[in-house]
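This briefing sets out the computed features of the structure shown below. The points are grouped by topic for reference.

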Amino acid sequence: MLSSSKVSSTFYGTSRHRMLLDRLIVHGLLIFFVLLALGPICVVILNSFKTTPAIFGGPFDLPTAATFGVDGYIRVFTRGNFLLNYRNSLIVTVSTIVLTVVLSALAAYGLTEYRLKITPVIAALFVVGIMLPIRLGTVPILKIMITWGLVDTLTALILVYTAMSIPIAVTLMMAYFRTVPTEIKEAARMDGAGEFRTFRIVLPVVKPGLAAVATLTMLPVWNDLWFPLILAPGKANQTVTLGVQQFVGQFLSDYPALLAALTLGVVPLVALYVIFSRQFVRGLSQGVGK
Amino acid sequence: MTRPATARWSLFLFVLPALAIYLAFAVLPLAASIVMSFFDTDSPGGRVFVGLANYYYLFTHPVTSARFWNALMNNCEFFLIHLIVEVPIGLLMAGLLTSGLLGRSEGIYRTLLFVPATLSVVIVGFIWRLIINPLWGLVGFPLLGNEMTALPTISLMSVWQYVGIPMLFLYSALLAVPEDIIEAARLDGAGNWRIFWNIKFPLIAPQFGLIVILTYIWTFNGFDLIFALNGSAPGPNYSTDILGTLFYRTFFGSSGQVADLDLGATVATVIFVIILLVTGAYFWLVQRRLQAHQI
């Protein structure tokens, strides 16, 4: 061991310097990209805690005791509907996640378990949906919602978002269900478990998949502007994304309030993402690696 | 194994709920949109089949057709900027992350670089509008107020936000490259740069192709950022109008334009065909070859 490492250190002497240089370049570039990615967000968050003169006087200074102010937040909460908007976004996002996870787990289990002639056709129909630009069907969707009296309800959003999330969720869950050993299912059936009971027994095995689906579903639903704008624009049903958009439109010259509104829109999701980023990446790589 | 009759019944029950919602709110509306484009639903006598009249109007009416071609060209520019800037930088980031030189910091970089992609486009738009605001003195030139620079500026904001997606996508693909091939090349004395271009990149070419075509689909579905910044008649002088904003304006109406559902469905169908033709051609001509190369 000792002698071999000695040999390699002299033999690879130059390549070791090379490696150090490579490492420096890689870190340097990545740090540059990170600053570029986070800098603008930090500027907004920092300035949201400053008074108006301080925002313009030194946009890149940290808030000090003299320049600290939360007037913006006070105005956002008194004049905007942020609490209501948050509530709406939470209802829509959580309902969509629950529906998507449950329905796609059921469908993916069915598609991996019962291999009939039609099975690959249905599976392909779901896979194609990943690329389907669902927004282009907005005119008929709007007509359906008008007919059913669902315009300006959160239900309309939940239905559309679930439809939008199901294709990728089913595709991902199929990949997870394929890894479940047959023995578990056979053993369950031997014990007399019915088809649904067998599904319930298998479910804990694919838990990481369910978490991945939940995190992948969350982002596009929470951040969407298109469907809230068209299907639920009323004050009572506005989501955070639409609420921020309208608030900012009204308070264009009130910088502290503007920056506070932006910060309130940014922080929860970034926090959630950082917490769940492992599941998120795993979910993506399951889909991509194959 | 389950009996065939049970299997058929079970498959039906397990798949039905997901399939029903997916068909009802995704597939059928798209199909209905195509059907609608051949009808006039507003006429006093109820629904009337009008053949290609909606298309004829879209492509020949002087103002409407000029707006359409303008939006299409702008959308092409919007896509090309993403293709030229976002995809290569995403690839560079993914390559750096999987260079094997990072150790534990790899996960931290990966998480932080993706943060902008988790933000709402509305927020991204306003963050950047504030930062490039001439009042703050960062950029003295009104980038968003000039017809030449407005669209590239908005495109770069979008690139800033979404570069994490190709990064993560290609990162996942690079992680799947077998370690022993890389090790063998390293023993042959190949440096990191050569290993990346001669070994890793050819192996992830199918995924690279896929992210290019997904970028195409996403940019031709674009709407949110431009609407958030410039509204439904995106100026200056429609220089930032893309197909998504044109579609919205057509069926929903805006100041100076009456809502027209049939014409909206027609625009949607045209966008769908534009997306479908390129995506189909891509899978037919390119992806098959890349995949064949793989094995």
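In chain B, 69% of the contacts with a separation of 6 or more are between residues 24 or more positions apart. The model is a predicted one, and of the 295 residues of chain B, 42% count as buried.

**Overall make-up of chain B**

- Chain B contains 12 helices and two strands.
- The order of these elements along the sequence of chain B is α-β-β-α-α-α-α-α-α-α-α-α-α-α.
- Along the principal axes, the C-alpha atoms of chain B occupy a box of roughly 80 × 75 × 30 Å.

**Domains of chain B**

- The contact between the two involves nine residues of domain 1 of chain B and seven residues of domain 2 of chain B.
- On the side of domain 1 of chain B that touches domain 2 of chain B, at least two residues come from each of helix 1 (4–36) and strand 1 (39–40) of chain B.
- Helix 1 of chain B provides the largest share of that side, with four residues.
- The side of domain 1 of chain B that touches domain 2 of chain B consists, by class, of four nonpolar, three polar and two charged residues.

**Domains of chain A**

- Chain A is likewise assigned two domains, namely domain 1 (2–71) and domain 2 (73–289).
- A distance of 34 Å lies between the C-alpha centres of domain 1 of chain A and domain 2 of chain A.
- Their contact draws 10 residues from domain 1 of chain A and 10 residues from domain 2 of chain A.
- Helix 2 (13–47) and helix 3 (52–57) of chain A are the elements that contribute two or more residues to the side of domain 1 of chain A that touches domain 2 of chain A.
- Of these, helix 2 of chain A gives the largest share, four residues.
- By class, this side of domain 1 of chain A comprises five nonpolar, four polar and one charged.

**Helix 3 and helix 7 of chain B**

- The axes of helix 3 (residues 62–97) and helix 7 (residues 164–175) of chain B come within 8 Å and cross at roughly 45°.
- Because of that angle, helix 3 of chain B is oblique to helix 7 of chain B.
- The crossing of these two helices of chain B is right-handed.
- Helix 3 of chain B contributes Glu86(B), Val87(B), Gly90(B), Leu91(B), Met93(B), Ala94(B) and Leu97(B), which meet Pro166(B), Met167(B), Leu170(B), Tyr171(B) and Leu174(B) of helix 7 of chain B.
- The residues in this contact are 10 nonpolar, one polar and one charged.

**Helix 7 of chain A**

- In helix 7 (residues 138–147) of chain A, the buried residues are Thr138(A), Val139(A), Pro140(A), Ile141(A), Leu142(A) and Met145(A).

**Contact between the chains**

- The contact between the chains involves 68 residues of chain A and 68 residues of chain B.
- On the side of chain A that touches chain B, there are 51 nonpolar, 13 polar and four charged residues.

Technical notes: Residues numbered from 1 in each chain as written. Chains lettered and ligands numbered in written order. Predicted model: local features only at pLDDT ≥ 70, side-chain atom pairs only at ≥ 80, totals over all residues. Nonpolar A, V, L, I, M, F, W, Y, C, P; charged D, E, K, R; others polar. Buried ≥ 20, exposed ≤ 12 C-beta atoms within 10 Å, placed from the backbone. Axes fitted to C-alpha atoms, helices over the stretch in contact; angles between N-to-C directions. Parallel < 35°, antiparallel > 145°, perpendicular 65-115°, else oblique. Left-handed = near helix turned anticlockwise from the far one by under 90°. Domains from an automatic or database assignment.
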